[in-house]
Amino acid sequence: DANRNKLFYFAHEIAHIVLHRQKGNKVDFRMAPIDKYAEEQEANLFALELLMPEKIFLEKWHEYEGDIKLISDYFCVSEIAVDYRFENLKKYSKIFF
């Protein structure tokens, strides 16, 4: 759904404002691709946490028995975002699924 994608996009851009504002409003096109990739990953993770806080996400994951469609409807995000959040938490969270 386009609106769900827009919500993630806005959260992602908010992340850049919050996390990367010390660089000012200038875009450095000379930035190494690895640095740019790291910033984008950081902004994605920020957006996921903003839209699907870990504690609530895990509660809903168990309540809806991992049904990505139901979880995406609950958080008003795309199913891809839910899957990405799950994979990220599975890899980095101290809370066991």
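Guide: Buried means under 20% relative accessible area, exposed over 50%, and partly exposed in between, with a 1.4 Å probe and protein chains only. This is a predicted model, in which local features need pLDDT of at least 70, side-chain atom pairs count only at pLDDT 80 or more, and totals for chains, interfaces and linings use all residues. Residues are numbered from 1 along each chain as its sequence is written, and side-chain values use heavy atoms, with hydrogens and water left out.

Visitor: Is Glu65 buried or exposed?

Guide: Glu65 lies in the loop between H3 and H4; helices are DSSP runs of H or I with at least four residues, numbered from the N terminus. Although Glu65 is not a glycine, its phi is positive, at about 50 degrees. Because its relative accessibility is 74%, Glu65 counts as exposed.

Visitor: How does Cys76 count at 40% relative accessibility?

Guide: Cys76 is found in the loop between H4 and H5. Its phi is near 60 degrees, a positive value in a residue other than glycine. With a relative accessibility of 40%, Cys76 counts as partly exposed.

Visitor: How are H3 and H5 oriented to each other?

Guide: Helix H3 (residues 54-63) and H5 pack with their axes 11 Å apart, at an angle of about 105 degrees. Axes are lines fitted to C-alpha atoms, for helices over the stretch in contact, and angles run from 0 to 180 degrees between N-to-C directions. An angle from 65 to 115 degrees counts as roughly perpendicular, under 35 as roughly parallel, over 145 as roughly antiparallel, and the rest as oblique. H3 and H5 are therefore roughly perpendicular.

Visitor: How is H3 placed relative to H4?

Guide: The axes of H3 and helix H4 (residues 68-75) come within 10 Å and cross at roughly 140 degrees. The orientation of H3 to H4 is therefore oblique.

Visitor: Which residues outside its sequence neighbourhood does Asn88 contact?

Guide: Asn88 belongs to helix H5 (residues 79-92). At 14% relative accessibility, Asn88 counts as buried. Neighbours within four places in sequence being left aside, the contacts of Asn88 are Leu45 and Ser93.

Technical notes:
Helices (H or I, at least four residues) and strands (E, at least two) are DSSP runs, numbered from the N terminus. Contact means heavy atoms within 4.5 Å.
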